Amino acid sequence: DVRSFTAFSLTLFLTILTSLIDLVSFSLILYSIQPQLFGAIAIYALFGTVTTTAIGKKLVGLNYNKLQKEADFRYSLVRIRDNAESIAFYAGEDIENKEVNKRLERVIDNRREIIIAQRNLDFFTNSYYYFVQILPLWVVAPRYFSGDIQLGAV
């Protein structure tokens, strides 16, 4: 356990350190070549981070509720199995059936909300990833067409 924890911690630390070094070095290089493009990409990354967080924030609560609602549903099924004789003796099948159906409906409704929230997040992230290919051209194109920079300058 200690070995796996330290190995994971070391890997995480090295990954973060490498990513930070790459971020700083490539940012400095891009800023020295094209400051306007660096600013546009920084704003774009900030916009993407904030928007993704705002859209995906709902998923945290929904996934927590999913675990709770599914556990409630399973508990009701186990309780019925354990008390089947008493339920049958007192003719409580209809009451138990309504309770199980109500809990199943909660599970289904929560799953539906998760699917909708995940769909919205996927729509945004897919659009975001495709637009990142257009952004540099959109920022640099006016300078290229005005003759300020050559085709291979960036």
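## Terms and model

Buried means under 20% relative accessible area, exposed means over 50%, and partly exposed lies in between (1.4 Å probe, protein chains only). Alanine 91 is exposed, with a relative accessible area of 55%.

This is a predicted model, in which local features need pLDDT of at least 70, side-chain atom pairs count only at pLDDT 80 or more, and totals for chains, interfaces and linings use all residues. Residues are numbered from 1 along each chain as its sequence is written, and side-chain values use heavy atoms, with hydrogens and water left out.

## Alanine 91

Where does alanine 91 lie? Alanine 91 sits in the loop between helix H3 (84–89) and H4. Helices here are DSSP runs (H or I, at least four residues), numbered from the N terminus. Alanine 91 is not a glycine, yet its phi is positive, at about 55 degrees.

Two packed helices are described by the angle between their axes and the distance between the axes. Axes are lines fitted to C-alpha atoms, for helices over the stretch in contact, and angles run from 0 to 180 degrees between N-to-C directions.

Take helix H1 (residues 2–33) and H2. Their axes come within 5 Å and cross at roughly 130 degrees. That makes H1 oblique to H2. The classes are set by angle: under 35 degrees is roughly parallel, over 145 roughly antiparallel, 65 to 115 roughly perpendicular, and the rest oblique. On the H1 side, Ser27, Leu30, Tyr31 and Ile33 meet Pro35, Leu37, Phe38 and Ile41 in H2. Contact means heavy atoms within 4.5 Å. By class, this contact of H1 with H2 has seven nonpolar, one polar and no charged residues. Ala, Val, Leu, Ile, Met, Phe, Trp, Tyr, Cys and Pro count as nonpolar; Asp, Glu, Lys and Arg count as charged; the others, Gly among them, count as polar.

## How H2 meets H4

At what angle do the axes of H2 and H4 cross? They cross at roughly 160 degrees and come within 9 Å. H2 and H4 are therefore roughly antiparallel to each other. By class, the contact of H2 with H4 has 19 nonpolar, eleven polar and ten charged residues.

The crossing of H2 and H4 is left-handed. A crossing is left-handed if the near helix is turned anticlockwise from the far one by less than a right angle, and right-handed if clockwise.

## How H2 meets H5

Helix H2 (residues 35–82) also meets helix H5 (residues 135–145). Their axes come within 10 Å and cross at roughly 150 degrees. That makes H2 roughly antiparallel to H5. This crossing is right-handed.

Gln36, Leu37, Ala40, Ile41 and Tyr44 in H2 touch Leu135, Pro136, Val139, Val140 and Arg143 in H5. Sorted by class, the contact of H2 with H5 has eight nonpolar, one polar and one charged residues.

## The nonpolar cores

A nonpolar core is a set of buried Ala, Val, Leu, Ile, Met, Phe, Trp, Tyr and Cys residues joined through side-chain atoms within 4.5 Å. Which residues make up the largest nonpolar core? There are nine in all: Leu37, Ala40, Tyr44, Phe124, Tyr128, Leu135, Val139, Val140 and Ile149. H2, helix H4 (93–131) and H5 each supply at least two residues of this core. Apart from it lies another core, of five residues, including Leu59, Leu62, Ile114 and Ala117.

Tyrosine 128 touches Tyr44, Ala45 and Gly48, not counting residues up to four places away in sequence. Valine 140 lies in helix H5. Is valine 140 buried or exposed? Valine 140 is buried, with a relative accessible area of 14%. Valine 140 and serine 76 are 64 residues apart in sequence and 62 Å apart in space, C-alpha to C-alpha.

## Residues along H1

Tyrosine 31 belongs to helix H1. Tyrosine 31 counts as partly exposed, at 47% relative accessibility. Its C-alpha atom is separated by 17 Å from that of valine 132, 101 residues apart along the chain.

Serine 4 is also placed in helix H1. Serine 4 is partly exposed at 47% relative accessibility. The C-alpha atoms of serine 4 and isoleucine 115 are separated by 35 Å, with the two residues 111 apart along the chain. Threonine 6 lies in helix H1. At 42% relative accessibility, threonine 6 counts as partly exposed. Threonine 6 and phenylalanine 47 are 41 residues apart along the chain, and their C-alpha atoms are separated by 35 Å.
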